[in-house]
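Q: Could we read this structure together, feature by feature, with the general idea stated before each case?

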Amino acid sequence: MADPYMMTGHKMIYHLDRVNDWLSGKRIAPLHIDVGLSKGCNIRCNYCYGATQENFFTKGKDIYFPPDALLRYVRDAGEIGVRSMAFIGEAEPLLNPGVYEAIVAGKEAGVDMALGTNGILLDTGAAGERALEHLSWIRFNISAASDHSYRRIHASKEFATTCQKIRFCVETKKQRNLDVTVGLQMVLTPDNVDQAIPLAALGKELGVDYLVIKQCSDTVNNDIGVYNRLSEYKNFTDTLKEAETHTTDNYNVIVKWQKIGREGRRSYDHCLGVPFLLYSSGDGKLFPCGMFFGIRTEEFLMGDLVSQSFKQIVESERYWEVVKRVADVMDVHKECYASCRTNEINHFLWDATHPPAHKNFV
Ligand code: SF4
């Protein structure tokens, strides 16, 4: 199977209990949260969406989610029924000294945990091993297959370190027979497409479980310089198909064809996915969408996880007002960034709430 993780679509059909509760008007707990752990980064990828979200790069590396509040957050999440949390979505999570303990605490609270990272700072001692025991998956953000390209695309000299950390995960997984899935993610832009085939080969050589190639998300204002070039992606088809040929029985090269093909277009008119999928910023603020980390916070900030418990926030009127406001006021065709994380869920929920004529003729 080329995509055993269903990365190219969504998994809402496996959570119909929560979908049905929502359809019947209940105030539900979210299924998943993308959790930022810091406001800074130790490298600077040239496609970083964080640049639009107040990622301060090296200047922000000391601003992070306070570890005690983070522990309370992941434990609360388990208690109210959140099913997964990914430390991903803003800046570099390994800059937060509380990351390893939070992974363990989240899993012990009943939440499936995941980590997306550039990997450079990954601990290869007891803390790192313990994290691997408790993670469902770890994904390395790497869009370059050589030292030279890594310097160009990630503005860093740490290509060898990154490969060493990936190898550590692969070897630990094998030696300890762990369930964790180890993957690589390439963020495809018109300027790095030459790396797709070499990266597919590198992933196989490193022994990871998969390489996923996804389109670059950009704002409609073209802040990263990719939105106005989305129509160019169709020219990369042959290259991406060749990258896919590196797939073997135990290694998958997964191209997000569906998202690439949409070129940022949506076939729904309102964002309904917020109650199912939330985002929290690297300094502990809860939002309906990562796009609001640095903008329109008066309208869309749901709460502050440092001074309030997650449970308190989810049960507050403010939280549900924001859920409604996103659905009511956001023009998804003109204001939303291309191929947002909630996009596939929104397609599903739109169909679920807008049945076609003759729906019984299945
Ligand atoms: S549809 Fe718009 S508001 Fe909703 S999550 Fe995506 S980008 Fe954010």
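Q: In which loop does Asn-177 lie?
A: Helices (H or I, at least four residues) and strands (E, at least two) are DSSP runs, numbered from the N terminus. Asn-177 lies in the loop between H6 and strand E5 (181-188). This is a predicted model, in which local features need pLDDT of at least 70 and side-chain atom pairs count only at pLDDT 80 or more, while totals for chains, interfaces and linings use all residues. Residues are numbered from 1 along each chain as its sequence is written.

Q: Is Asn-177 buried or exposed?
A: A residue is buried if 20 or more other C-beta atoms, placed from the backbone, lie within 10 Å of its own, exposed if 12 or fewer, and partly exposed in between. Asn-177 has 6 other C-beta atoms within 10 Å and is therefore exposed. Its phi is near 55°, a positive value in a residue other than glycine.

Q: Where is Ala-155 found, and what is its phi near?
A: Ala-155 is found in the loop between helix H5 (147-154) and helix H6 (159-176), and its phi, near 50°, is positive although the residue is not glycine. Because Ala-155 has 13 C-beta neighbours inside 10 Å, this residue counts as partly exposed.

Q: How many C-beta neighbours does Phe-293 have inside 10 Å?
A: Phe-293 has 26 such neighbours, so it counts as buried. Phe-293 is found in the loop between strand E9 (285-287) and helix H10 (297-300). Across the whole protein, buried residues make up 45% of the 362 residues.

Q: What is the radius of gyration of the protein, and what does the globule rule give?
A: The radius of gyration is taken over C-alpha atoms, and the globule rule is 2.2 Å times the number of residues to the power 0.38. There are 13 helices and 10 strands in the protein. Its radius of gyration is 20 Å, close to the 21 Å that the rule gives for 362 residues, so the protein is as compact as a globular protein of that length. The C-alpha trace spans about 50 × 45 × 40 Å along its principal axes.

Q: In what order do the strands form the sheet?
A: Strands of a sheet pair through backbone hydrogen bonds, either parallel or antiparallel. Here two strands are taken to pair if DSSP finds at least two bridges between them. The 10 strands form an open sheet with mixed pairing, in the order E7-E6-E5-E4-E3-E2-E1-E8-E9-E10. Strand E7 (252-255) and strand E10 (303-304) stand at the edges with a single partner strand each, so one side of each has no neighbour in the sheet. Strand E2 (residues 84-87) pairs with strand E3 (residues 112-117) in the parallel sense over four bridges, and Ser-84 has Asp-112 as its bridge partner in E3.

Q: Which residues touch the most other members of the largest nonpolar core?
A: In soluble globular proteins, nonpolar side chains tend to be buried together. A nonpolar core is a set of buried Ala, Val, Leu, Ile, Met, Phe, Trp, Tyr and Cys residues joined through C-beta atoms within 7 Å. The largest one has 101 residues, of which Met-85, Leu-135, Met-186, Leu-211 and Ile-213 touch the most other members. Two residues are in contact if their C-beta atoms, placed from the backbone, lie within 7 Å. Leaving aside residues up to four places away in sequence, Leu-135 touches Ile-103, Met-113, Ala-114, Leu-115 and Val-180.
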